[in-house]
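Take a look at the model first, then read on.

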Amino acid sequence: MGPEARIDLAALRHNLRVAHHAAPASRLIAVIKANAYGHGMQRVARALEQADAFGVARVEEGVQLREAGVGKPLLVLEGCFGPEELALAACHDLQLVVAEPEQLALLAKARLQRPVHCWLKVDTGMHRLGIPLQRAAAAFVALGAAPAVADDLRLMTHLACADTPADAATEAQLRRFNPLVKAFGVETSIANSAGILAWPDSHGDWNRPGIMLYGSSPMAGGVPDDHGLRPVMTLSTRLIAVRHLQQGDAVGYGGSWRCPEAMRVGVAAIGYGDGYPRHAPSGTPVLINGQRAALVGRVSMDMITVDLRKIDDAEVGNPVVLWGEGLPADEIARAAATIAYELFCGVTQRVRFRETNG
Ligand SMILES: *Cc1c(COP(=O)(O)O)cnc(C)c1O
């Protein structure tokens, strides 16, 4: 009766095609960091044989993929820290982002059996990782001269506000980046999912889709249908109790919600111990037998309670969908004041994963 995350690999492949069609001239680095946003890194890597490369955040994730037999180019988005990680990266043929002076210094003095492929990351305005714009040219020259760095050095940057089409920050970032591209004439990568779907000028030689592959809209306020994306993860469970309560009865911890009338309340076997957000408020939708019902009262560790007033035929054992097919995770994320990325990443070990192909 416990919760299940069904992973639809056909939807995943469909979403990769959406990324391709939105930017047909660009190659795709499918971003599968953080266990493929909670979907299972190896499972997703196996399913996306059409991707040109994979992106992970850390060297350790790249090593895991190599050990699982993944042979495609692998890009480590945070780069490496210290000589041990650099040796590991070189030995597993991981491509490295170079974003910080420490990383530049490490590569400049390294002696490796074979050079590593590198991406110089420039900070064009996000102010998280990246070499400051004024020092980018010098860094490019220094990296290019390092024997440890392969001679196909590339340039990248990351967009801070691409999820908001009205925000002028994206154009400003592109204006700062483009002169470097002209000056060095190397391959580039700029766009995340939002860049791919909303900012054609950000399409580089390589794009880096993440969230859109999993069927969530990268745009603020968006839903997957806006872009023809299909949900990949459907998180579901079952009703384990149906209670007949009286007007004024308080439901759950703290008694924060009271029945406005005599009514049926269902108990579903999922809670924050499974990754359902504890701060989802009363009114957050769930699907019971395919119909919308509202969460009521506080989310517990193992259970939630739901208003069954509109679902006359609901009974113990009926399926309850928390997000996915028929109920976009984006909508649940907005109700719970977070983003679908966090919902997906938060699904815990206790949830049983099952793969389907459409
Ligand atoms: C995570 C990440 C991405 C993917 O971003 P989405 O918004 O999920 O498409 C792309 N580039 C970098 C550097 C990232 O860290």
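A polar backbone atom of Gly210 is 2.9 Å from an oxygen atom of the ligand, and a backbone N or O atom of Ile211 lies 2.8 Å from an oxygen atom of the ligand. A side-chain N or O atom of Arg208 is 2.8 Å from a ligand nitrogen. Polar contacts here are pairs of N or O atoms within 3.5 Å.

This is a predicted model, where local features need pLDDT of at least 70 and side-chain atom pairs pLDDT 80 or more, while totals for chains, interfaces and linings use all residues. Residues are numbered from 1 along each chain as its sequence is written, and side-chain values use heavy atoms, leaving out hydrogens and water.

## The shell and its burial

Residues with a heavy atom within 4 Å count as near the ligand; among those surrounding the ligand are Val31, Lys33, His158 and Tyr341. By class, the shell holds six nonpolar, four polar and two charged residues.

Alone, the ligand would expose 390 Å², and the protein buries 91% of that (Shrake-Rupley method, 1.4 Å probe).

## Two domains

The domain assignment, automatic or from a database, gives domain 1 (9-217) and domain 2 (233-356). Their C-alpha centres lie 37 Å apart. Across the boundary, 12 residues of domain 1 contact nine residues of domain 2, with contact meaning heavy atoms within 4.5 Å.

Methods: A polar contact is a pair of N or O atoms within 3.5 Å; within protein, one must be able to donate a hydrogen and the other to accept it, and residues adjacent in sequence count only if both atoms are side-chain atoms. Ala, Val, Leu, Ile, Met, Phe, Trp, Tyr, Cys and Pro count as nonpolar, Asp, Glu, Lys and Arg as charged, and the others, Gly among them, as polar.
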